[in-house]
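User: I'd like to learn how to read some features of a protein model. Could you walk me through them one at a time?

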Amino acid sequence: MSINKNPEGKNTGTQKGHTRRQFMGSIATIGLGGLAIPSISNATAATPLVEKANDIMRDLKITRIRWYKAPSSPMTNQSMHVVTVETDKGITGIGEGGTASLVSELAQLLIGENPLRIEHLWQLMYRSYFYPPGREKIHALGALDLALWDIKGKVLGLPLYELFGSKVRNYLECYPTGFRGAPGASLKDNAKACMDQGFRAFRTDASGPRGDAPFTPKESIIETVKKCEQIREGVGPTGDWCIDFHTRLDMMDAVTLANLLEPLRPMYIEDPIRSENKKQYEMVREKINVPLAVGEHYGDKWDFNELIEADLFDHSRVTIPNCGGVSEFMKISALCEMHYVGLIPHFTGPIATSALVHVCSTYPGPVLMEAQSSVKRDIPHLPQHFDFREGKMWTNERPGIGVEVDFKQIELVAEVTEKKEGLPIYKRPDGSITNW
């Protein structure tokens, strides 16, 4: 890892090449994890377009990976820093997340590899060190995985959702993390205004103490019920509202509050208890009749698959890159679909949110996205990112994830150009990675 604090000028990170229609007319199949193989349609010989795509994909190599410091949350696993994966053909993938040290450690494994072998590289990063990666390292792995999928979309000239069977919805309904209505407006009026602006639901949380006062569960329960009564009145009989308990309450206090809120018909209760002791969700499920949303504290599929298998919640809050990127999110989504679990991914950084729009647009079950703001915001280092308007996220046809980065607005902190192996990796006779 070397340090460089003199980044280049503005670079969109977007490969300008063939149009989506050109590629759709000549490429019939797309590999989801390994190397994408274009097939020839209505032709006896390869067209120049297919020949060029074959040439790009066959010998594409990762040459450099960089980590840029961007405006971000102070939490490691809520990082909004920018990651780039550069190739020898001039195609750069854009990702988001992790810390400089964790991303760099994983990046060393990728130099010289073909970025289109995404599943192979995911397994390589996951298995190359002694311990299975914890949640912070999974977040860094997810940042790199995002960039790899961005490269694949750019090589093929396709938006990310086309690589997963294409979209099943034209837009994604949203709720704002914290709705900001007119100054001085009542909670009831703000809830109504949220509905009027096109959002699906108004969100609130379990009341906390004022100032430096100690947190008292009984007071929190009383105050929360009062404000939720106003919210229900504001959204109207056909409107939706939801509440995040933020794991602030012990289990029986959470049960008490949930049961008091049940007549107000919340869309769901988020994170009623802490995430460590998953066994407790069996008791929570037995005692609470309100739909539950769980998962923002979890990482990869092994972190919480038993909750899905036991049908202990109704909506998954697992997000990108926290779970390990697009690759792992799609696998978790398949588990959710089997158990009729909806997707309500936790809000994340703007690049990862852009990727979420793509992958969630392909999910056939219920989807609701969390908008970090109730209004469209300018993000200086991202002149182009997700499309948000009328209280909804909209898909677009830009190649890959569809973001552009102005590198003048962020600080280059680390770059990796040399390959370094982790622990010895064993492979099966067919070449797939196994345990060492």
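User: Let's begin with Asp196: is this residue buried or exposed?

Analyst: This is a predicted model, and exposure is read from relative accessible area, where over 50% counts as exposed. Asp196 has 56%, so it is exposed. Lys192 has 45% and is therefore partly exposed.

User: Which residue forms a salt bridge with Asp196?

Analyst: For a salt bridge, look for a side-chain nitrogen of Lys or Arg within 4 Å of a carboxyl oxygen of Asp or Glu. Asp196 pairs with Lys192, and their closest N and O atoms are 2.9 Å apart. Both sit in helix α6 (residues 187-196), four residues apart, about one turn of the helix.

User: And what parts does the salt bridge of Glu105 and Lys137 tie together?

Analyst: Here the side chains meet at 2.8 Å, N to O. Glu105 belongs to helix α3 (residues 100-107) and Lys137 to helix α5, so this pair ties together parts that are 32 residues apart in sequence. Glu105 is partly exposed at 30% relative accessible area, whereas Lys137, at 16%, counts as buried.

User: How many salt bridges does the structure hold?

Analyst: There are 25. One of them joins Glu276 to Arg274, with the closest N and O atoms 2.5 Å apart. Glu276 is exposed, with a relative accessible area of 53%. Salt bridges can also share partners, and in this way Arg64, Arg66, Glu86 and Glu415 are joined into one network.

User: What does Ala140 touch?

Analyst: Leaving out residues up to four places away in sequence, Ala140 touches Gly98, Leu102, Val103 and Leu106. Ala140 lies in helix α5 (residues 135-156) and is buried, with a relative accessible area of 0%.

User: Last, how much space lies in the largest pocket?

Analyst: The general idea is that rolling a probe the size of a water molecule over the atoms shows where empty space is left. In this model, the largest pocket holds about 320 Å³ of space. Its lining has 22 residues, with Pro350, Gln372, Arg377, Ile379 and Phe386 nearest the centre. By type, the lining divides into eleven nonpolar, eight polar and three charged residues. Helix α12 (350-360) and strand β11 (369-371) each supply at least two lining residues.

Terms used: Residues are numbered from 1 along each chain as its sequence is written. This is a predicted model: local features need pLDDT of at least 70, side-chain atom pairs count only at pLDDT 80 or more; totals for chains, interfaces and linings use all residues. Side-chain values use heavy atoms; hydrogens and water are left out. Buried means under 20% relative accessible area, exposed over 50%, partly exposed in between (1.4 Å probe, protein chains only). Contact means heavy atoms within 4.5 Å. On a 1 Å grid over the protein atoms alone, a cavity is a set of points where a 1.4 Å probe fits but cannot get out, and a pocket is an open set with protein on both sides within 12 Å along at least five of seven lines; lining residues have an atom within 4 Å of a point. Grid points are joined across faces, edges and corners, and a volume is the space filled by probe spheres set on the points. Ala, Val, Leu, Ile, Met, Phe, Trp, Tyr, Cys and Pro count as nonpolar, Asp, Glu, Lys and Arg as charged, and the others, Gly among them, as polar.
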